[in-house]
Amino acid sequence: MPINCWRLTAGVPYVSGNGRVIHRFTSNHVGSVLFSHHQNSAKHIFSVPKFNQSYSSSIIEEQKNLGVASAEPEIFYKELDVAVRAVQMACSLCQRVQDSLISKSKDQVHSKDDSSPVTIADWSVQAAISWLLSESFGRKNVSIVAEEDVKKLSKADASGLLAAVVNTVNECLAEAPRFGFQGPDMALGTSDVLEAISHCNSSGGPTGRFWTLDPVDGTLGFVRGDQYAIALALIEDGEVVLGVLGCPNYPMRKEWLSYHHRCHRIKTRLTPPTSDSWHQGLVTYALKGSGRAWMQPLLHANKKFVWPNSARPVCVSSIDDPALATFCEPVEKANSSHSFTAGLAHTMGLRKQPLRVYSMVKYAAIARGDAEIFMKFARAGYKEKIWDHAAGVVIIQEAGGVVTDAGGHPLDFSKGIYLECLDRGVIASAGAKLHDKIIRAVDASWDSSSL
Ligand SMILES: Nc1ncnc2c1ncn2[C@@H]1O[C@H](COP(=O)(O)OS(=O)(=O)O)[C@@H](OP(=O)(O)O)[C@H]1O
Ligand SMILES: [Mg+2]
Ligand SMILES: [Mg+2]
Ligand SMILES: [Mg+2]
């Protein structure tokens, strides 16, 4: 009889071959091995306490020996573990850079060819995560589709900027052991950093496995001292199989949100009135098919990362009455038509003011039940990129929500770097009932809109 075998990581749901969650574990189980008979239920699972760490890399070998590796879908436990720790590290990097952006001059914000903003954090996170993934899985096994390139950094007059990026990447990697990674033996040089950024040059597509990374999503929010996200997802054969969103300014507790907003309006730093650890931002993540999404706080300074790092499950809101629902959308009208969504909200009887938030934090807000609807209707001709959505989509779906285009079709991550064929816009909601209402309302209003 085929047998499955996993090394346990607390907070990570373990799924059977058909995607059903078969067991969840606490930190007491970390380091144990789980064996289960193929297709059996949880009661037939038993764990062997505290097996030797060095066995972890031999699990796949063991599966092969047991003759099940090729028949069983991948579980992606190692990929999720690495991705969460890498995003935690990137959050720490971004917090340092954002602090310095707020306290120093704005000349640290640069413009790309399309006039969009970019900072040393965008390049540095891309370099650091690319380097960590290559170290963890082997460079030749890692294919990454990411937002940034080295064009601007390679210009003759960019040596100061490049030096700042190299320095920021090395500062970040010096923290690697705290996050369970082995850092570089020597500080990375300029060419290593440029190489790590350029390595993210995959163009995705329908087959094989690749990562997609938005090193800083919502760069505008980032430079304004507001919300932003680090978004990492793994795509296999066109399907998002795991997603991780780092949201360094999004508090673990909803009640902190209004405090953060108040701080932003009066342009003070985000320092809470008490030393509550939950205010400090979060990392949210999900494995496709697990039926669960999780969030954990950012790692405290000087602490070592240990699964599950106080992870707790997140779940979408149960509100399905539009009159009680909150919808969120991009802050900038240039990125999504506020007038169209205002019309929709009116038609559907949504009474609450929209929650305008920078970045994929909007996806985290829906997954966690802080809002019920997210809508983005970009101007005609703008093509949405996969890294702006992949991580958020799987997290919302596993938290119980629905994400489609305005035609009700799932977002298609198999067509390269763009969400080709996206019908009008992106709609995410807390449940199917609410979702259907929005889609019907969009259909009713679309022809009379100027979009
Ligand atoms: N014209 C236009 N229309 C639609 N979308 C655009 C447009 N230009 C850029 N982008 C992408 O939007 C990403 C930021 O989305 P947000 O939801 O954070 O927008 S907002 O800043 O809150 O307005 C932003 O992501 P980052 O570049 O990572 O910040 C872009 O990928
Ligand atoms: Mg950008
Ligand atoms: Mg983005
Ligand atoms: Mg970005």
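Modeller: A residue counts as buried if 20 or more other C-beta atoms lie within 10 Å of its own, and as exposed if 12 or fewer do. With that cut-off in mind, we may read the structure above, which is a predicted model.

Biologist: What percentage of the residues in the chain do buried residues make up?

Modeller: Of the 451 residues in the chain, 46% are buried. The chain's secondary structure amounts to 11 helices and 19 strands. Among contacts with a separation of 6 or more, 69% join residues 24 or more positions apart.

Biologist: How should one read a helix, and what span should helix α3 have?

Modeller: The general idea comes first. An α-helix has 3.6 residues a turn, so residues three or four places apart point the same way. Now the case here. Helix α3 covers residues 120–137, and at 1.5 Å a residue its 18 residues should span 26 Å. The C-alpha atoms at its ends are 26 Å apart, which agrees with that expectation. Helix α3 is also mostly covered, with 14 of its 18 residues buried. The residue that follows α3 is Gly138, which has a positive phi near 90°.

Biologist: How many residues of helix α10 are buried?

Modeller: In α10, residues 390–398, nine of the nine residues are buried. Among them are Ala390, Val393, Ile396 and Glu398. Just after α10 stands Gly400, with a positive phi of about 105°.

Biologist: Which residues other than glycine have a positive phi here?

Modeller: Asp237 is not a glycine, yet its phi is positive, about 45°. Asp237 sits in the loop between β10 (229–236) and β11 (239–247), and it is exposed, since 12 other C-beta atoms lie within 10 Å. Cys421 is another case, with a positive phi near 65°. Cys421 belongs to the loop between β18 (402–405) and β19 (426–429), and it counts as exposed with 11 C-beta neighbours inside 10 Å.

Biologist: Is the peptide bond from Trp307 to Pro308 cis or trans?

Modeller: The bond from Trp307 to Pro308 is cis, with omega near 0°. Pro308 is in the loop between β13 (293–297) and β14 (312–314).

Biologist: Which residues does UniProt list for "binding site"?

Modeller: An unreviewed UniProt entry gives Glu147, Asp214, Asp217 and Asp388 under that heading. These residues span 242 residues in sequence, yet no two of their C-alpha atoms are more than 9.3 Å apart, so they gather at one spot.

Biologist: Where do Asp214 and Asp388 lie?

Modeller: Asp214 is in strand β9, whereas Asp388 is in the loop between β17 (373–376) and α10. Asp214 counts as buried because it has 31 C-beta neighbours inside 10 Å. Asp388 is buried as well, with 22 other C-beta atoms within 10 Å. Leaving aside neighbours within four places in sequence, Asp214 is in contact with Glu147, Ala231, Trp387 and Asp388.

Biologist: Why does ligand 1 lie between domain 2 and domain 3?

Modeller: Both domain 2 (77–245 + 284–295 + 303–312) and domain 3 (322–446) give residues to the shell around ligand 1, so the ligand lies between them. There are 19 residues around ligand 1, and those that come nearest are Pro330, Val331, Glu332, Asn335 and Ala378. By type, the shell divides into seven nonpolar, six polar and six charged residues. Strand β9 (209–217) and helix α6 (219–223) each supply at least two residues. The largest share, three residues, comes from α6.

Biologist: Is Lys362 buried or exposed?

Modeller: Lys362 is buried, because 31 other C-beta atoms lie within 10 Å of its own. Its place is in helix α9, residues 361–367. Not counting residues up to four places away in sequence, Lys362 touches Cys328, Val357 and Phe374. Lys362 and Ile373 are 11 residues apart in sequence, and their C-alpha atoms are 9.1 Å apart in space.

How values were computed:
Residues are numbered from 1 along each chain as its sequence is written. Chains are lettered from A and ligands numbered from 1 in the order in which they are written. This is a predicted model: local features need pLDDT of at least 70, side-chain atom pairs count only at pLDDT 80 or more; totals for chains, interfaces and linings use all residues. A residue is near a molecule or strand if its C-beta atom, placed from the backbone, lies within 6 Å of it. Helices (H or I, at least four residues) and strands (E, at least two) are DSSP runs, numbered from the N terminus. Ala, Val, Leu, Ile, Met, Phe, Trp, Tyr, Cys and Pro count as nonpolar, Asp, Glu, Lys and Arg as charged, and the others, Gly among them, as polar. Domain bounds come from an automatic or database domain assignment. UniProt positions are given in the numbering used here, feature names are shortened, and annotations may be inferred rather than shown by experiment. Two residues are in contact if their C-beta atoms, placed from the backbone, lie within 7 Å. The expected span of a helix is 1.5 Å times one less than its number of residues.
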